[in-house]
Amino acid sequence: MNRSMSTFHPALKRSSMVLTAALGLGLAAAVAAVPAQAASSHQQVSTAKSRAAYAGSRAEAVNNKAFFDAVMKSALAKQKAQPGLRTVTVTYDPSQAPSFAGEIANAARIWNGSVHNVRLQEGGNADFSYYEGNDANGSYASTDGHGHGYVFLDYQQNQEFDSTRVTAHETGHVLGLPDHYSGPCSELMSGGGPGPSCTNPYPNSNERRRVDTLWANGLSAGADKGLRAKAH
């Protein structure tokens, strides 16, 4: 079911006056922390139409793929320091999205309980970060242009759709899953396709297998590179 502003999550339970301030001075501070090439778009409140223009676009697909590649590269580089580990740990920084602290923690728990070859963990020297604010494109995953990724959580979209599902969906891109908006509600990466009444925040069995396969391949590739490096 849709959530109203008054029933959403604590940081969005604001009066219109406080929200106006957040979209003014408060948002300016948040935008300053967002990677520079993306900051210019974090001024517009999203609508169903503006989000639809980005959802499923080639630009979104390219951003998702580049995001996963950057995060895997960063995580595997750190993994080399402990080559005996069977699970890759991907670290994230939620500090720039305080309104969504609970949803981010829940998304990490959901994914950690669903897959085996990769683990999400809050920590320093993060492989990716979360940001919050307003964006005409809605919530999305991208790269910061410096080898790391970030997830942007859009206020308006998170009012209209289940926020834990939105966050877990975007986190799915961290782990390499593409969007599939035509899928059913039982498929996490169908995102907003099934409509606002869909509140499922869990990946289905195919999505879980896909993530484990991707990160198993990443581990194998990393190990192979390490062996080749030692041979030269």
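## Starting from L120

Let's begin at L120: leaving aside neighbours within four places in sequence, L120 is in contact (heavy atoms within 4.5 Å) with V90, Y92, A108, W111, N112, F128, T171, V174 and L175. Before going further, note that this is a predicted model, where local features need pLDDT of at least 70 and side-chain atom pairs count only at pLDDT 80 or more, while totals for chains, interfaces and linings use all residues. Residues are numbered from 1 along each chain as its sequence is written, and side-chain values use heavy atoms, with hydrogens and water left out.

L120 also turns up in the largest nonpolar core, which has 35 residues. Such a core is a set of buried Ala, Val, Leu, Ile, Met, Phe, Trp, Tyr and Cys residues joined through side-chain atoms within 4.5 Å; buried means under 20% relative accessible area, exposed over 50%, and partly exposed in between, using a 1.4 Å probe and protein chains only. The members that touch the most others are V90, W111, L120, F128, V174 and W215. Elements giving two or more residues to the core include helix 4 (58-79), strand 1 (88-96), helix 5 (101-112), strand 2 (118-122), strand 3 (128-133), strand 5 (149-154), helix 7 (163-174) and helix 8 (205-231). Helix 4 supplies the largest share, six residues. Helices (H or I, at least four residues) and strands (E, at least two) are DSSP runs, numbered from the N terminus.

Five strands make an open sheet in the order 2-1-3-5-4, with mixed pairing; two strands pair if DSSP finds at least two bridges between them. Strand 2 and strand 4 stand at the edges with a single partner strand each, so one side of each has no neighbour in the sheet. From one strand to the next, the twist averages 30°. Strand 3 and strand 5 pair in the parallel sense over six bridges, and F128 stands opposite G149 in strand 5. Helix 5 packs on this sheet, touching strand 1, strand 2, strand 3 and strand 5, and its direction makes about 160° with that of strand 2. Helix 7 lies across strand 1, strand 2, strand 3, strand 4 and strand 5, running at about 160° to strand 5. For these angles, axes are lines fitted to C-alpha atoms, for helices over the stretch in contact, and the values run from 0 to 180 degrees between N-to-C directions.

What about the aromatics? The structure holds eight aromatic pairs. Rings of Phe, Tyr and Trp (its six-membered ring) pair if their centres lie within 6.5 Å; planes under 30 degrees apart count as stacked, over 60 as edge-to-face and the rest as tilted. One of the pairs is Y92 with Y130, edge-to-face at 5.8 Å centre to centre and 90° between the planes. That pair links distant parts of the chain, with Y92 in strand 1 and Y130 in strand 3, 38 residues apart. Y92 is buried at 7% relative accessible area, and Y130 is buried at 2%. Separately, Y131, Y140, Y150 and F152 form one aromatic cluster.

Finally, the charges. There are two salt bridges, each a side-chain nitrogen of Lys or Arg within 4 Å of a carboxyl oxygen of Asp or Glu. K65 and D69 meet at 2.7 Å, N to O; they are four residues apart in helix 4, about one helical turn. The other joins D127 to K78, with the closest N and O atoms 3.1 Å apart. D127 lies in the loop between strand 2 and strand 3 and K78 in helix 4, so the pair ties together parts 49 residues apart in sequence. D127 is buried, at 0% relative accessible area, whereas K78 is partly exposed at 29%.
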